[in-house]
Protein chains: 2
Amino acid sequence: MGTTQLESVPEPKYWHLKTVIGEALDSDFAVGEILPNERELAARFGVARATLRQALEQLELEGRLQRRRGVGTTVAPPRMGVDVSTTQQAWPGAGEDVWQSVDCVTATPPAAVARLLEAEPDEPVHVVRRLRVTQGQAVAAELLYVPLARVPGQPAADAPAGPARARGVLRELQRLVLDGQDRSVELGSARADDAKELDRLPGAPVLVVTTRYLSEGRTAAVSVATYRADTCKLTFGDSGDLVMAS
Amino acid sequence: MGTTQLESVPEPKYWHLKTVIGEALDSDFAVGEILPNERELAARFGVARATLRQALEQLELEGRLQRRRGVGTTVAPPRMGVDVSTTQQAWPGAGEDVWQSVDCVTATPPAAVARLLEAEPDEPVHVVRRLRVTQGQAVAAELLYVPLARVPGQPAADAPAGPARARGVLRELQRLVLDGQDRSVELGSARADDAKELDRLPGAPVLVVTTRYLSEGRTAAVSVATYRADTCKLTFGDSGDLVMAS
DNA sequence: CAGTGGTCTAGACCACTTC
DNA sequence: AAGTGGTCTAGACCACTGT
């Protein structure tokens, strides 16, 4: 007894629910196990389905649950650590193991990207689409913007859009001297196309990693990569080869 | 005529709403301006308030809106870039400008932290509470865990809890040799205490930055910092002194 | 006090997956 | 066809902020 704290600030129901279910997940459920459906759970806890859903949404946001329409709600495995460190400065595509080139087209970039590129909003750029696959799962979708003028040997600017052309642009990029790069991470919500590639619904929370690649004092390329926030933890290993396992 | 796309996949209402309002924000509103209240907006768009709220929630998640109970919904300023780079390896508290020491107590860490510390779950640690303030605003709340055994000169282990003791622990830490650090970023939701310090409601989305400080081959300290995801963009400047302004 | 956003309800229908 | 999560409604009341 003692500090029973009689609801000086009454806790919202969904918040309390989240705690209760969260504890149940730790003790009574195994990873991958499916929970009772939402109507069942709502009835069991004596709340409306909307309230129950509010609790489940939070747990999904924290990476503890995974919900799929038409299937059900399952207990999520711990988030996988995805290395995004920049200690080994390198152009994208240097370690071709994790990123798959999907496509490449020529277009004018969004205004925000043009600003980062220090280019006119209507300057045409290569737009390379890549997918990061880890343990058989797509964890990130990337758009890499490279102004045509920055890659000298036009690697088939008129070549048919596709993976081959994407690899061509990456190859040209790697000919340049990389002076440095800076990076930012922020919360966003998945655009429709990214959501599709990541097997999520549009609007799903994602971690947006924006990288600016510098060469000869200019911005040579900008990458905007959206990582699934539910399943990923971004890691920056800055201490030799040590990586946070967990 | 052309690609009118007759709803092959009917877009959810709230998604469409989000787009419409988002565009209106760009063209018709200035930063800081207050929007009409939710009931008014819902009526104007001919939807239920819950649906309107779903759209506003997304926009808030993306840092475009700011909502405060009892006050209203305002247009948010662009996210501020917060530097969290680790290029200059340093113990916490080395640049005392941005972090304010708030408190320090002795306790046993959560299980997950104990694991990172490579310590027994019941080993007592200093828990230093700090607040990161930028431009007059609290942007992050941190808990720094330092095992008592790691800091040699017990800096008043029984001293009264408070800022003075916090600074004492940081001072002791800085006597050690820092071998390296690694870091991870993931999405989380604010615990009640963090939410209070960050002036948000519990459950608000946050970016959780976990840092492990290594000394003499061991983990000397673990920091868990929760940044407001709505107002912050974490930056990692790895190219000299260049910072992404935006 | 009036006005705001936050919580909650009890329903309905829709889109998707699986059998 | 049956069962799942996703969307949407039209209300109600609560907690908080201002005046």
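A: The answer below starts with the DNA strand and then turns to the rings. This is a predicted model, in which local features need pLDDT of at least 70 and side-chain atom pairs count only at pLDDT 80 or more, while totals for chains, interfaces and linings use all residues. Residues are numbered from 1 along each chain as its sequence is written, chains are lettered from A and ligands numbered from 1 in the order in which they are written, and side-chain values use heavy atoms, with hydrogens and water left out.

DNA strand C is surrounded by 27 residues, where a residue is near a strand if one of its heavy atoms lies within 4 Å of it. The closest are Lys13(A), Thr51(A), Asn37(B), Arg49(B) and Arg53(B). Of the atoms of DNA strand C that come within 4 Å of the protein, 69% belong to sugar and phosphate.

Some polar contacts (pairs of N or O atoms within 3.5 Å) can be named. Tyr14(A) has a polar side-chain atom 2.9 Å from a phosphate oxygen of DNA strand C. Arg69(A) has a side-chain N or O atom 3.5 Å from a sugar or linking oxygen of DNA strand C.

Elements that give two or more residues to this surface include helix H1 (13-28) of chain A and strand S2 (72-75) of chain B; helices (H or I, at least four residues) and strands (E, at least two) are DSSP runs, numbered from the N terminus. H3(A) gives the most, with 4 residues.

Now the rings. There are 3 aromatic pairs over all chains; rings of Phe, Tyr and Trp (its six-membered ring) pair if their centres lie within 6.5 Å, and planes under 30 degrees apart count as stacked, over 60 as edge-to-face and the rest as tilted. The ring centres of Trp99(A) and Tyr227(A) are 6.5 Å apart and their planes stand at 80 degrees, so this pair is edge-to-face. Trp99(A) lies in strand S4 (residues 99-107) of chain A and Tyr227(A) in strand S9 (residues 218-228) of chain A, so the pair ties together parts 128 residues apart in sequence. Trp99(A) is buried, with a relative accessible area of 11%, and Tyr227(A) is buried at 3%; buried means under 20% relative accessible area, exposed over 50%, and partly exposed in between (1.4 Å probe, protein chains only).

How values were computed:
Polar contact = N/O pair within 3.5 Å; in protein donor to acceptor, adjacent residues only side chain to side chain.
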